[in-house]
Amino acid sequence: MVAAHPSADEDALLDWNESPLGPPPLAVKRVIDAAERLHRYPRGLMEEVTELAAEHFGVTPQRVLLTAGVDEAIDITLSLAKRAWGVQPGFDGYPVRTAANGKPFHSIRLGPDWQPLAEPPCYINIHDIVYLAQPGNPTGNLHSDTWIDAVREQAGYVFIDETYQEFSSRPSILTRVVPDCGLLVYRSFSKAAGLAGIRLGCLIGEAPVIEALEPRRRFMPIDAISLHAAAGLLEEPEFMLRLREFVVHQRAGLVDLLLHSGLFNEVRPSETNFVLAKPHPTIAGELNRVLADDLIRVKDCAAVGLPGWLRISIGSEPDQARLHQCLDRLSSSLSATPCYREESES
Ligand SMILES: Cc1ncc(COP(=O)(O)O)c(C=O)c1O
């Protein structure tokens, strides 16, 4: 039996927003059972998982395209437009894939509250595709429906990336708008579904757009192991509810812990399975050092447009306890330091 959670001498992985509850048990069972048939092509499995996913997301199978993660979804949807847009700070996968596909990428700058500063830029037009993660990464927040609708009015295509949707207080855009050919929605199996290791996602759009995109995928692009894991998950969707409940509950606890540690200047509310926090500049180096000593990995957001901020995933209970102990130890040692005490009291 493989341990679901790392032991104390392994790294606590709080940097990539993975499942704090391990993988879905039925997915594991289906993968093990499928191992005996690895000499076969995944005949019929794409259809099976497409139908299960369609049922799960409440759409027809003709509106669903399975992709090898968000990267393949971005690659094939870029074929619909001449240019791509995204918010900054925002998910780095959009500019990276756009550059790899040889197309220009333009940024829409967010303000200090990580919201758009104004109406969507007037030069977004029907030849463009706009990539928006809702909730966002690294910001963990949502933009207003009004702003998103304004973008949809201008752009040829809007790709709403709902990778973190299950953790959000706002329902999927699919429940709110009458879909049209310009709207594409991406759902990941990596976060609430606990299957980051299989690299499978689901692109949802109007049937003619999905039909036009389908030939852009490779032949049988998703392997049998990934498809069996996804089928197992979709046959046991209660796992996602359990994971969502765990994350939403523990997220409040993590925000509380960070706020009361006295180590952070700012902690932002989150709609995702991670929390953004900005250490006091004077202790940021020391914080990095103690986290590294305790083998706790968090994401430094400098590379994704938020210098000075850390992104901390909601981890398993043991991993969160490790983080708690680490922060407590640092707080205690710093409060014994006269200059730190004076600064935090002022
Ligand atoms: C906004 C966003 N979209 C997509 C992904 C990756 O999705 P997938 O694992 O389904 O490719 C991530 C991963 O961190 C993400 O933050």
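**The ligand and its surroundings**

Visitor: Which pocket is the space taken by the ligand?

Guide: This is a predicted model, in which local features need pLDDT of at least 70, side-chain atom pairs count only at pLDDT 80 or more, and totals for chains, interfaces and linings use all residues. Residues are numbered from 1 along each chain as its sequence is written, and side-chain values use heavy atoms, leaving out hydrogens and water. A pocket is an open set of points on a 1 Å grid over the protein atoms alone, where a 1.4 Å probe fits, with protein on both sides within 12 Å along at least five of seven lines; a molecule sits in it if more than half of its atoms lie within 2 Å of its grid points. The space taken by the ligand is the largest pocket.

Visitor: Which elements give two or more residues to the shell around the ligand?

Guide: Helices (H or I, at least four residues) and strands (E, at least two) are DSSP runs, numbered from the N terminus. Those that give two or more residues to the shell are helix 3 (69-77) and strand 7 (183-188).

Visitor: How many residues surround the ligand?

Guide: A residue counts as near a molecule if one of its heavy atoms lies within 4 Å of it. The closest are Asn 137, Asp 161, Tyr 186, Ser 190 and Arg 199. The number of residues that surround the ligand is 13.

Visitor: Which side chain has a polar atom 2.6 Å from a nitrogen atom of the ligand?

Guide: A polar contact is a pair of N or O atoms within 3.5 Å. Asn 137 places a polar side-chain atom 2.6 Å from a ligand oxygen atom, and Arg 199 places one 2.7 Å from a ligand oxygen atom. For the nitrogen atom at 2.6 Å, the side chain is that of Asp 161.

**The protein chain**

Visitor: Why is the protein chain described as being as compact as a globular protein of that length?

Guide: The chain has 11 helices and 12 strands. The globule rule is 2.2 Å times the number of residues to the power 0.38, and the radius of gyration is taken over C-alpha atoms. For 346 residues the rule gives 20 Å, and the chain is as compact as a globular protein of that length because its radius of gyration is close to that, at 21 Å.

Visitor: Where is the proline found that a cis peptide bond joins to Gln 88?

Guide: Most peptide bonds are trans. The bond between Gln 88 and Pro 89 is cis, with omega about 0°. Pro 89 is found in the loop between strand 3 (83-88) and helix 4 (93-100).

Key. Polar contact = N/O pair within 3.5 Å; in protein donor to acceptor, adjacent residues only side chain to side chain. 1 Å grid on protein atoms, 1.4 Å probe; cavity = no way out; pocket = protein on both sides within 12 Å on 5 of 7 lines; lining within 4 Å.
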